[in-house]
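Colleague: Could you walk me through reading charged pairs and helix packing in a model like this one?
Modeller: Gladly, let's look at it together.

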Amino acid sequence: MVERVRERQREVPVVGRYDVLVCGAGTSGVPAAVSAARRGARVALLERYGFPGGVPATSIMPCWHGMKDHLSDLLREFAERVRGTGPGPDPLEDNHMEPEYVKQAAAEMLQEAGVELHLHTWVADTLTDGASVRGVVTESKSGRRAFLAEQTVDATGDGDVARHAGAEFIRGGEGGILQGMTLRFRIGGIDMARYFDWIAAHPALYQAGPQQLSRLRERALAGKSFFLSGDLTPLYEESDIIDLPRTSYFNCSSIRPGELSLNATRIDEVDGLVEEDLTRAELTCRRQVLAVWRFLRQEVAGFEEARLVETAPQIGVRESGCVVGDHVLTEEDCRSGRQFPDSVSRSHVTFDMHEKGWTCETVGTHVTMPYRSLLPRRLENLLVAGRAASADHVANSSMRRMYTVFGLGDAAGMAAAMAAEGGLTARGLPYEDLKKAMQAGGLLF
């Protein structure tokens with residue numbers, strides 16, 4: 001039996017009352033807050049880190065796969081701001097963004113829109129009145145405080161607001177298996193010419209033909225960004241270096257000359273809602289980072305003088321559960337390219353599955369995400385955007401792409417502002433009104 005203690009009962013101060021409260025300043029939360037504020041809503045945005053930006057910043061993920069073919073007006077503006085911040089990749093040309101610029105571009109957009117930003121602030125509980133969400137209780141260095149709102153957007157990624165409100169969740173696939181976690185890292189000081197010579201001598205390890213490798217080599221030697229997918233597991237199995245990942249891959253982006261940003265660590269059978277699992281994932285993957293770096297220096301041409309430059313500040317959680325909404329997006333919806341009458345987002349279907357191994361299946365269809373998938377069943381005045389939006393385990397592996405969740409946040413913020421302005425529940429907002437607003441706002445749906 002778990003020993004328990006009783007906390008002291010207390011009242012907490014209310015920071016403010018808002019039209020729209022957005023929880024999580026990531027890839028969905030930033031566009032949600034900006035979209036709502038630009039419609040005239042009073043908006044507060046809560047973020048647990050010391051900067052906005054989400055996965056591109058906290059996981060140092062530079063590659064927005066498929067973005068340039070799915071640009072809404074707001075995503076284009078964001079990409080242009082990132083591009084204009086300083087030297088680096090052109091997001092509109094090759095789907096890569098400099099993570100440090102993402103932080104700054106997001107902060108500038110939020111401040112210009114008049115969003116009240118609260119950093120270093122965790123959602124600790126959800127305030128409800130019956131089925132209606134009225135706000136949240138937070139924990140920070142300022143103590144326990146409350147934020148009240150007419151409408152709340154849960155963009156936490158884990159669905160924290162919805163979970164504290166008692167929402168039902170889909171937790172993984174068969175047997176509750178959740179997708180594996182990864183810690184990204186950067187390695188610099190690479191001799192790219194020698195590395196691409198080595199790749200040419202080991203073509204079976206990379207998913208690129210001769211012509212593509214020639215093009216990527218040219219970009220690498222010119223100091224331009226590129227993405228290359230591979231798998232060094234066959235070589236790891238012959239190595240005596242301990243802590244090398246055994247069910248991983250070697251997917252690399254380059255956004256700086258002589259440097260790779262690597263997706264090359266892996267841990268399975270961990271739960272993003274269990275602190276002990278997150279701790280184990282961090283420690284395991286950080287050991288893997290050092291092992292991969294040492295392996296590269298020892299075995300791969302071009303890495304002899306390579307330096308470990310950075311590890312992401314947090315393990316990358318792909319899936320911790322999806323809320324059960326008025327519609328649950330399914331694998332079959334995605335495979336059939338279903339187009340919903342209440343669509344709020346449109347994306348290409350690629351199942352990026354990480355279950356004790358990695359498979360990436362491009363289906364070749366587009367699917368839309370219905371507004372109903374943002375509405376948690378049996379709860380009012382709450383919209384869930386981002387990777388916790390309503391989808392089954394397989395569908396989630398496709399809809400969690402960054403350009404898709406950016407669009408979901410944009411739509412959720414717009415809907416929340418309109419509902420607050422009209423004195424409506426989020427569920428009661430007429431879709432035709434939202435559709436007109438999305439068309440005027442340049443959303444892709």
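**Charged pairs and a helix pair**

Modeller: Arg427 has a relative accessible area of 28%, so this residue counts as partly exposed. Keep in mind that the model is predicted.

Colleague: Which residue does the side chain of Arg427 meet in a salt bridge?

Modeller: Side chains of opposite charge can pair when their charged atoms come close. Here Arg427 meets Glu380, at 3.3 Å from N to O. Glu380 sits in the loop between β15 and β16, and Arg427 in the loop between α13 and α14, so the pair ties together parts 47 residues apart in sequence. Glu380 is partly exposed, at 23%.

Colleague: And Glu259 with Arg186: how far apart are N and O in that salt bridge?

Modeller: They are 2.6 Å apart. Glu259 is in the loop between β10 and β11 and Arg186 in strand β8, so this bridge joins parts 73 residues apart in sequence. Glu259 is buried, with 9% relative accessibility, and Arg186 is buried too, at 12%. Both belong to a network of salt bridges that also includes Glu98, Arg256 and Glu310.

Colleague: How many salt bridges are there by this rule?

Modeller: The count is 30.

Colleague: Now the helices: at roughly what angle do the axes of α7 and α8 cross?

Modeller: They cross at roughly 165° and come within 9 Å. Angles over 145 degrees count as roughly antiparallel, so that is how α7 and α8 run relative to each other. The crossing is right-handed. Among the contact residues are Phe196 of α7 and Leu216 of α8; by class, the contact has eight nonpolar, no polar and two charged residues.

Conventions. Residues are numbered from 1 along each chain as its sequence is written. This is a predicted model: local features need pLDDT of at least 70, side-chain atom pairs count only at pLDDT 80 or more; totals for chains, interfaces and linings use all residues. Side-chain values use heavy atoms; hydrogens and water are left out. Axes are lines fitted to C-alpha atoms, for helices over the stretch in contact, and angles run from 0 to 180 degrees between N-to-C directions. Helices (H or I, at least four residues) and strands (E, at least two) are DSSP runs, numbered from the N terminus. Angles under 35 degrees count as roughly parallel, over 145 as roughly antiparallel, 65 to 115 as roughly perpendicular and the rest as oblique. A crossing is left-handed if the near helix is turned anticlockwise from the far one by less than a right angle, and right-handed if clockwise. Contact means heavy atoms within 4.5 Å. Ala, Val, Leu, Ile, Met, Phe, Trp, Tyr, Cys and Pro count as nonpolar, Asp, Glu, Lys and Arg as charged, and the others, Gly among them, as polar. A salt bridge is a side-chain nitrogen of Lys or Arg within 4 Å of a carboxyl oxygen of Asp or Glu. Buried means under 20% relative accessible area, exposed over 50%, partly exposed in between (1.4 Å probe, protein chains only).
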